[in-house]
Amino acid sequence: MKLLKKIELLAPAGDQEAFVAAVQNGADAIYLGGTLFNARAFAKNFDDQQLKWAIAYAHCHNVKVYVTVNTLYQDKEFNELLRYIDCLYNNQVDALIVQDIGLFDVIQAVYPDFEIHMSTQSTIMNCSAVAYFEDMGASRIVLARENTLLEIQEICQSTKLEVEVFVHGAICVCYSGQCLMSSMIGKRSGNRGACAQPCRLQYQLAKDGKVLDNKYPFLLSPKDMMTIHQIPELIKAGVTSLKIEGRMKKPEYVASVVKAYRRAIDNYYQNISAKLDCDIADMKAMFNRNYTSGYLNNDKNLVDGDYSGNKGVILGEVIRYLRDQKRVSIQLNAPLYQGDSIVFENIDKGRPVNKIYHQQRLVAKGNPGEIVEIEFDYPVSQGYVRKTVDTTVIKRMQQTYEKENRQLPINVFFTAKIQQPAKLTFQYNDHQVTLLTDCLVEHAQKTPLNQQRIIQQLSKLKDTPFYPQNMQLDIDQNMNIPIKVINQLRRDCSELLKNKLSNQTIHHMAKQPLPLLSQKFAQQHSKKLFIQVTTLEQLKVVIQYPIDSVIYPYQSNIDKAYLLCQQSNKELILGLPRAIKQKEIDDIYQSDIFSKITTVLVNDYGAYYHFKDKLRIIGMGANIYNSYASAHYHEPHILSLEMSLHQINQLKTDFSKCIIQVYGKVENMISEYCPISQYYFGYQKKQCHICQNHQFSLIDRKNERFDLLMDEQCRMHLLNCRTLYFSQVEQCYAQGIFIHFTNENQELTKFVINHFLSLLKKEKKSRIKEKIQTTSGYYKE
């Protein structure tokens, strides 16, 4: 059990202004990205000089800086990546946020005292995964957003590691780190920091091939998370850090959210019961998709489905449209100022408000209860009006960080003895600076300098990062020293302490050499075939072939599957999903089937760690993308689908352990959210069973179809619109090939197996493209 300390408020920063906004509004730590190697490639981010400034500014305010290197990396990028990490190390960045297990190993080897936080992109959601990284030497894990409050509490109680959770901002509909949607349809990889956010686009639900009414056009676009009311529960649960999303948001947004959560945290520790309505209103004024507490308390209303962008806040209602004047008449229920922006909900069009008319006169402001007129070219006769930009709130948020209003408490010691230099000491915690005057203290000829005047001058620290908490003076009577000398001494001492805090040395250990890796080729002459099925019907087909083993998912009919394999003298390999909670791991471990099987296909760090007494195959969920990640595992492992054939063949690894997927509808997403229940009920209704007797799909704006598979935990598996197919298996050095059947019927299952068996024997050319629409994914890049 770790000792609890005051919880950390962790804020995002996409640029320098947002960084200042976060610090001045009370963040304890800031996370940011450099111009390279982070999961927000399209944010402004920080170049080398800006990064140095940010670290100095933060450390001067007792704020930590965490830098994101939380994507997957190609082998050819590691030299530049390590030069970049060298820079971060030497500039005393407090910690790195990491996804790639290969990079994790490299950092631990090369920079032994660099603190590592495992990113939410690592899909850590169970106690077993946390235990794995505790053994591995991580400092902190960032939990998946899909964890409930009870699960978070259990994880915190199970580990000495720091535990970080997201509390506010945009959320992904898919488990972070497991989304291939943007990558598979547009070659913009979320795992590489270039997600195009296809979840925010419109989709229609289809049932058995028939497109249904478009009730919820934005079926995959979640609301934004807000857990400000759950802060006390999160603190009591033992969480280390509360993380705000928003590295691509404006500084005013960052200011409003940090300010609100700072107040909520301080209220808890000070035992103050205060409403946060005004803070929430400010946050909504900055950006509003409507709020959900997410999975923390199992909120069933995760998606509105009507719009994916900033909805703003309701300003009023349309009364009528004046066609001759091209003006719209609005009944206000909130203030409207010149410069605000509005949107008319019924037609989804809006504009900045340049002119406001009230009773035929131009006014600067419209008040609640008034009917005003706004110039607008599009006819609109009814519906709500929403304010999407509130200039008054923006100005108020800017005022929170335009001046230095966050100061550290210091102890001030001043000594003035006649015929000696005056001495001033500033002390903050263990940091202390002392300066002497160039001139000597004199005996007062007329009016001596008294203590009150000295205290007054030494307290003038308004524009510095400090304020005097305690002040001790040791001065002779009847002494005198020029006021300008005291002022200069105060300024110099303040600057010296500021520089000392800004340039703290955090890292002390010498850099170690990069581990050397080499290629190792298998001696075997034929590729090994791994086949995973989803249904008993597919299994009945596969076991008819000369294949030693079959991967079958852990589901209610697993005993029947095991019996079928036993009767056909086949090994059943237990297949686990890319998202798995601790209760599921425990249930599997205690199940009757578990004692019978010898091999498990694992897709997350928790299952990998918990089932270490079994033979293991590492699945796609591990995101193995480079030689170092491949070398992390001694077991057979499936390589990332985001690698080209050239990348794979260039790996410095043991190819006898490497497997590539050559066929299957790629799981673009795995999610706790179900669009089917959203469509039918307007909320998340678990175990509704509507999916069991029908085939559902999502249809995008290009009329592409993405099939939906719902598992027994009601998780959505969104399949790619085209089936992955790669036939040049002999050109790949990897010695394993993986086929994944999802919703194929028996006829197609049989056809595909026959095809690949023939392909491996080099007997005939492919006819598979005659049957299905295929994609070669990244292989041919």
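This is a predicted model: local features need pLDDT of at least 70, side-chain atom pairs count only at pLDDT 80 or more; totals for chains, interfaces and linings use all residues.
Start by selecting Glu 704 and Arg 722: their side chains form a salt bridge, with the closest N and O atoms 3.3 Å apart. Glu 704 sits in the loop between β37 (696–699) and β38 (705–710), while Arg 722 is in the loop between β39 (716–719) and β40 (723–725), so the pair ties together parts that are 18 residues apart in sequence.

Now go for a pair with a longer reach. Pick Lys 6 and Asp 266, whose side chains meet in a salt bridge at 3.8 Å, N to O. Lys 6 belongs to the segment before β1 (8–12) and Asp 266 to helix α9, so to speak two distant parts of the chain, 260 residues apart.

Next, select Glu 245 and Lys 249. They form a salt bridge too, again with 3.8 Å between the closest N and O atoms, and both residues are buried. A search of the whole structure turns up 34 salt bridges.

Time for a polar residue on the inside. Select Asn 668 in strand β36 (residues 667–671). Asn 668 counts as buried because its relative accessibility is 0%. Which side chain does Asn 668 join in a polar contact? Bring up Asn 720: the contact is 3.0 Å. Beyond its sequence neighbours up to four places away, Asn 668 touches residues including Cys 179, Met 181, Met 184, Phe 706 and Leu 718.

The disulfide count is zero. Cys 195 is in no disulfide, and its nearest cysteine sulfur, that of Cys 179, is 5.9 Å away. Cys 195 is partly exposed, at 35% relative accessibility. Then try Cys 721: its closest cysteine sulfur is also in Cys 179, but at 13 Å, which is too far for a bond.

Finish in the largest nonpolar core, which has 173 residues; Phe 19, Phe 133, Tyr 261, Leu 539 and Ile 660 have the most contacts inside it. Colour helix α9 (residues 251–269), which gives this core its largest share, nine residues. Last stop, Ile 660: leaving aside neighbours within four places in sequence, its contacts include Leu 639, Ile 648, Phe 726, Phe 738 and Tyr 779.

Notes: Residues are numbered from 1 along each chain as its sequence is written. Side-chain values use heavy atoms; hydrogens and water are left out. Helices (H or I, at least four residues) and strands (E, at least two) are DSSP runs, numbered from the N terminus. Buried means under 20% relative accessible area, exposed over 50%, partly exposed in between (1.4 Å probe, protein chains only). A polar contact is a pair of N or O atoms within 3.5 Å; within protein, one must be able to donate a hydrogen and the other to accept it, and residues adjacent in sequence count only if both atoms are side-chain atoms. Contact means heavy atoms within 4.5 Å. A disulfide is a pair of cysteine sulfur atoms within 2.5 Å. A nonpolar core is a set of buried Ala, Val, Leu, Ile, Met, Phe, Trp, Tyr and Cys residues joined through side-chain atoms within 4.5 Å. A salt bridge is a side-chain nitrogen of Lys or Arg within 4 Å of a carboxyl oxygen of Asp or Glu.
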